[in-house]
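Reader: I would like to learn how to read a few features of a protein model, taking them slowly and one at a time. Could you take me through them?

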Amino acid sequence: MARKKRIVGAHLSPKNPLKEAEAVGADCVQTFLSNPQGWEKPPPRKDAAQLRASKTPLYVHAPYLINVCSPRNNVRYGSRKILQQTCDAAADVGAAAVIVHAGHAEDGIEEGVGRWPRTLEMLESEVPVYIENTAGGENAVARRFDALALLWEAVAGAKTSVEVGFCFDTCHAHAAGEELSDAIDRVRAIVGKIDLLHANDSRDPPGTGADRHAGLGEGTIDPEALASMIRAAGPPVVVETPGRGLRADIEFVRKALS
């Protein structure tokens, strides 16, 4: 069996992501196309043609405020709207995928899970959408793996033309209190395939629900456990760690994959 190409990159500023990728030695880029804490439609990019033509894969992270699981109509409808706008903008720059957090529901996980199929049935996207596990929240639909199993069953049954994949975040699994030694195997048993790995260490102890990333090998996740997850998941990998250590974190991932 042919080995996967070792594509390793980083989340970078949207201002000039290709130039920054070259500066830190990244094979791929993840960035925002709009304010991650806002509801604004992504503006057109002057460098859209350059991004489309680039051989560097570009992943787009959707705004954090998106929560299609919410029982509140204004939040859910607004979330669907900005997700559609983000997918449209991602297609315009030739993105490899859009990554979106799975969300949470104040009225319970099962209720929240039930709102994802309708979202996917309404969504139109040329770009794959990768749903990401999240770090905290009692009613988060992809924090604990048992909730993720419910979500994936619902997603699999959605009548949609959108290609749906999964993005696994190591820090989020740690924050959720999941056992990391077999986390990749357990997640694969649920979703079938990990389409993108977010390789992040954590500043906080396990199970706290705190989503605060640290440089690889500098946080509270055992470095061997982190390297083992990276090897097990395989590329493509994106690090979302504090900016000054990005080059070192990319090398940590490459060493783990070697």
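Author: We will go through the strands, then a helix, then aromatic rings and a histidine. This is a predicted model, in which local features need pLDDT of at least 70 and side-chain atom pairs count only at pLDDT 80 or more, while totals for chains, interfaces and linings use all residues. Residues are numbered from 1 along each chain as its sequence is written, and side-chain values use heavy atoms, with hydrogens and water left out.

Reader: Which strands make up the closed barrel, and with what pairing?

Author: Strands of a sheet pair through backbone hydrogen bonds, either parallel or antiparallel. Here eight strands form a closed barrel in the order E1-E2-E3-E4-E5-E6-E7-E10, with parallel pairing; strands (E, at least two residues) and helices (H or I, at least four) are DSSP runs numbered from the N terminus, and two strands pair if DSSP finds at least two bridges between them. As one case, strand E4 (residues 97-101) is joined to strand E5 (residues 129-132) by four bridges, and valine 98 has valine 129 as its bridge partner in E5.

Reader: Which residues of helix H1 are buried?

Author: Buried means under 20% relative accessible area, exposed over 50% and partly exposed in between, with a 1.4 Å probe and protein chains only. In helix H1 (residues 17-24) the buried residues are Pro17, Leu18, Ala21 and Val24. They lie on the same side of H1, because they cover an arc of only 130° around the axis, the arc being that of the directions from the helix axis to the C-beta atoms. The exposed residues Lys19, Glu22 and Ala23 are carried on the face turned away from that buried side.

Reader: How many aromatic pairs are there?

Author: A pair of aromatic rings is described by the distance of the centres and the angle of the planes. Rings of Phe, Tyr and Trp (its six-membered ring) pair if their centres lie within 6.5 Å, and planes under 30 degrees apart count as stacked, over 60 as edge-to-face and the rest as tilted. By this rule the count is three. One of them joins tryptophan 152 and phenylalanine 166 edge-to-face, at 5.6 Å centre to centre and 85° between the planes. Tryptophan 152 lies in helix H6 (residues 145-156) and phenylalanine 166 in strand E6 (residues 164-169), so the pair ties together parts 14 residues apart in sequence.

Reader: Is histidine 213 buried or exposed?

Author: Histidine 213 counts as buried, at 18% relative accessibility. Its side chain reaches the backbone oxygen of glutamate 240 at 2.8 Å.

Conventions
A polar contact is a pair of N or O atoms within 3.5 Å; within protein, one must be able to donate a hydrogen and the other to accept it, and residues adjacent in sequence count only if both atoms are side-chain atoms.
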